[in-house]
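User: I am new to this structure. Please show me how to read its side-chain contacts.

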Amino acid sequence: MTDKTALTPKTHTTPPAKFSHGVRKGNILQVAGQVGFLPAEEGKPPTPAGPTLREQTLQTLANVKAVLEEGGAGWDDAMMIRVYLTDVAHFAEFNEIYNAYFEEQGLTRPPAARTTVYVGLPAGLLVEIDALAVLG
């Protein structure tokens, strides 16, 4: 039986509850929901990248990518991406940001499947993203 490995990139703080930023077991890697917090700084609370959807989305994608990389994966390994937005009015803008981001990544495989839902997040946060990757 393959052991689970918890993943916490250097850019991330220790989770505030009993969960991991990501977990890898064998060739399966699950990234927990990430938000647009800037890289962790010792002694400072987590800080959003900015108030806009663009700033938060780009930082959130960078945070998901950091967990994927910590587990030996990348966007090409992503099978499923789940997006949680706080406002249905952000859907079109989010898609523009998302599409441009992935065009810049130069992926060689078909894009991951994606689901987008609308949720409540802590004050000031506009987007959360998680991902499931299969390596190999």
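**Aromatic pairs and salt bridges**

Analyst: The count comes to five aromatic pairs, where rings of Phe, Tyr and Trp (its six-membered ring) pair if their centres lie within 6.5 Å, with planes under 30 degrees apart called stacked, over 60 edge-to-face and the rest tilted. One of them joins Phe94 and Tyr98, a tilted pair with 5.5 Å centre to centre and 35 degrees between the planes. The model is predicted: local features need pLDDT of at least 70, side-chain atom pairs count only at pLDDT 80 or more, and totals for chains, interfaces and linings use all residues. Residues are numbered from 1 along each chain as its sequence is written, and side-chain values use heavy atoms, leaving out hydrogens and water.

User: Where do Phe94 and Tyr98 lie, and are they buried or exposed?

Analyst: Both lie in helix α2, four residues apart, about one turn of the helix; helices (H or I, at least four residues) and strands (E, at least two) are DSSP runs, numbered from the N terminus. Phe94 and Tyr98 are both buried, a term for under 20% relative accessible area, with exposed over 50% and partly exposed in between (1.4 Å probe, protein chains only).

User: How are the rings of Tyr101 and Phe102 arranged?

Analyst: Tyr101 and Phe102 pair edge-to-face, 5.0 Å centre to centre with 90 degrees between the planes. Tyr101 is buried at 9% relative accessibility, and Phe102 is buried at 14%. Trp75, Phe94, Tyr98, Tyr101 and Phe102 form one aromatic cluster.

User: Which charged end sits over the ring of Tyr98?

Analyst: For this contact, NZ of Lys or CZ of Arg must be within 6 Å of the ring centre and within 35 degrees of the ring normal. Here the charged end of Arg114 sits over the Tyr98 ring, 4.5 Å from its centre.

User: How many salt bridges does a search of the whole structure find?

Analyst: Side chains of opposite charge can pair when their charged atoms come close. A salt bridge is a side-chain nitrogen of Lys or Arg within 4 Å of a carboxyl oxygen of Asp or Glu. The search finds three. One of them joins Asp130 and Arg82 (2.8 Å, N to O). Asp130 is in strand β6 (residues 127-134) and Arg82 in strand β4, so this pair ties together parts 48 residues apart in sequence. Asp130 is buried at 8% relative accessibility, while Arg82 is partly exposed at 23%.

User: What distance is given for Glu41 and Lys44?

Analyst: Their side chains meet in a salt bridge at 3.4 Å, N to O. Glu41 is partly exposed at 49% relative accessibility, and Lys44 is exposed at 52%.
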